[in-house]
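Here is a short briefing to read alongside the structure. It starts with how strands pair, then turns to one strand and its partners, and ends with the nonpolar core.

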Amino acid sequence: MTLSRREFIQGAAAMGATLAFAGPARASRATWRERRDLFPEGVASGDPDHQSVILWTRRPFEKGEREVLTVEVAEDEAFRHVVATAPAPVSRAADWTSRVLVVDLKPARTYWYRFTDADGNGSRVGRTITAPDPADGRAVNFAFVSCQDINDGTLNAYRRMIYEDERAAPADQLHFVLHLGDFIYEVVWYPEDLATRYDRTIYDVARIPGGEKIGKYHFPLTVDGYRAIYRGYLHDPDLQDARARWPFVAMWDNHEFSWQGWQSVLKPGPEARPGQTVKVAANQAWFEYQPARVAKPSGPSLETFDPPAVKDVAIERFDSDGLGDEPNNRIAIDSLKVYRALRYGRHLDLILTDQHSYRSPNPLDAPELATLGEEFPAMFPEDLMEILDGGRAYGGGHPPAELRFGTNSVANPAKDAPPQTILGPAQKAWFKERLRSSSATWKIWGNSLGALDWRADPQNLPAGLTVPWPSGFANMGGGDYGNAYVERGEIYDLVREAGITGFAIVSGDRHSFWAGYAAKALPPKAFEPVGLSFVAASLSSPGAMEAYEHRLPKDHPLRALYLADRARGPEWTFNMLLRHGVRSCLEYAKSGDLAKARALSNPSLAPHLEFVDLGGHGYARVRLSANEMRTEFVCIPRPVTRSDRPDGGPLRYRVVHVAPLWTAGERPRLRQEVLEGDPGLSI
Ligand SMILES: [Fe+2]
């Protein structure tokens, strides 16, 4: 759909107060002296469409409540061809951050922008790129990233991304960066409380005013607390350079609010508590620090958030969809609507969903479940997971009263609960409609959580190794679409029934690389993929292999399923467990013979997986064209210290998965190629 100019300007005006119109180019008349110290968090741009983009900076002032900066947008880096100049207000009420929507730009164009205060003190220069026109058939390139913990890691991956992009041919350069959450981690260690974690150094990120401390970590309770963390993160030079080079499209994950929280429930440690005021504070800080086309009840102004008043009240009742029936909860979660869709040329509809504000509680959180199968690290029986996910609707409305695992049993904690939902009903209806109505070649679901099953086959373990596994496959995930069977199935059924092609999921959160197929069920049920599914590793946050290397006892009877100890260090058989099963792991740990181990692969275990690396870090880049989706995993070594090399340090490997576009009813297929390095046991 192409809007007329008049409709477009009306729509853009509805976005709010600070609006700049592009016109004929002329040389800059501004006095601009770069003073990065006065703009300590740099610049950013977000959510471009084919005519407009939001520009961002922060310029704090010691005194007063409000100042007005000037923003200039130019066709060249030297600002000889300035196409827009506009006022950019900053105020104490928005922590001195500024958002300006610049409209009337040309599609698929690179622009440069900078902010200047009344005294001529200027921000660094940022670069941004508008989306191609919806009818434009050019290929679209983007990176997707997540999980940038800088409390105990570094962002060498951004340095690598910038280095490669600067040297790429123009047609191969990235158009934008999709950030799928954990932009900040709200749980912060202070170095004086904790010096190291695993083999990592604890770096000083932020001091949290008005926060609280549980154990060794601190977490925010107020908007000033969240703001302090965003500022600390944006002082990272690699992140700041990345935001200045590309427009970002951001979706939050859990850590932008609360580690184990959901809706407005705060769960910073083992105990959950009412957190309506904290959810509003988290939303306000996100609004202030992430330039994005989002909706809030106070209206379309981009200048300030205007938080609604709420109280922290316990949620005692839930409606039939699992949404907390408490007025403050509704106000808090509705204080910022971030799910949205963006169009990039003829080939991309990017549909972004919020996985935390509307979700029902994670059914695996019921504490009594911890005793079921504790001899099997991270494994939970798949058939019991299906019962928990289905809630009171399981078995045609007849869920079992008890969950049985061998000789052990517990009361079914989900017996009276609604079926698990991650999207919630309103967002789900919106999401389905966007999928159905999309006219782009590729419908990419930007989902902060992963959707591929984590599965193992402990039923094939030899007798005597540990206690017997009763029967059936094990699920090793939790809290994402990898075991939200009912809701995931509902979406995939829609894709199949509506004959939607070019459906693919990109996600984060799992701190690991995954490539495979979107399928609602696995053998012995019918395996019928309807699309592709990918997860990009964390930029920096520790993943499962790092945890197992440090925590799994050397004499654990099932150690071979996770790690194979070698003179040069442990190999990650956990990857092999998910791809090939227990028999392959036991053989590989014993003999080190890869061919022999793969010959024992269990073909019923993981037909949905082509690649998994639970030890990887880095980013993924996607290229979408009329006839294929190309997804490249760029994997770097564990980013424990900042690289002093201009390329951000060495690569571990570069692997690409290419899928030709399929027709309705045809099964999607990935072709894998290792372009550089060694992905170990990931294949
Ligand atoms: Fe994360």
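Two strands pair if DSSP finds at least two bridges between them. Keep in mind that this is a predicted model.

**Strand β22 and its two faces**
- In a regular strand the side chains alternate between the two faces of the sheet.
- Leu 348, Leu 350 and Leu 352 point one way from β22, while Asp 349, Ile 351 and Thr 353 point the other way.
- Residues on both sides of β22 are buried, Asp 349 and Thr 353 included.

**Partners of β22**
- β22 runs parallel to strand β26 (residues 442–447), and six bridges join the two.
- Within that pairing, Ile 351 has Trp 445 of β26 as its bridge partner.
- Strand β21 (residues 340–344) pairs with β22 in the antiparallel sense, over five bridges.
- Leu 348 in β22 stands opposite Tyr 344.
- β21 and β22 form a hairpin with three residues between the strands, where Gly 345 takes a positive phi near 65°.

**The largest nonpolar core**
- This core holds 194 residues, and those touching the most other members are Val 73, Val 102, Ala 143, Phe 144, Val 177 and Ile 229.
- Helix α5 (residues 276–289) gives the most to this core, with eight residues.
- Leaving aside neighbours within four places in sequence, Val 177 is in contact with Phe 142, Ala 143, Val 145, Ala 242, Trp 246 and Phe 248.
- In soluble globular proteins, nonpolar side chains tend to be buried together.

Definitions and conventions. Residues are numbered from 1 along each chain as its sequence is written. This is a predicted model: local features need pLDDT of at least 70, side-chain atom pairs count only at pLDDT 80 or more; totals for chains, interfaces and linings use all residues. A nonpolar core is a set of buried Ala, Val, Leu, Ile, Met, Phe, Trp, Tyr and Cys residues joined through C-beta atoms within 7 Å. A residue is buried if 20 or more other C-beta atoms lie within 10 Å of its own, exposed if 12 or fewer, and partly exposed in between; C-beta atoms are placed from the backbone. Helices (H or I, at least four residues) and strands (E, at least two) are DSSP runs, numbered from the N terminus. Two residues are in contact if their C-beta atoms, placed from the backbone, lie within 7 Å.
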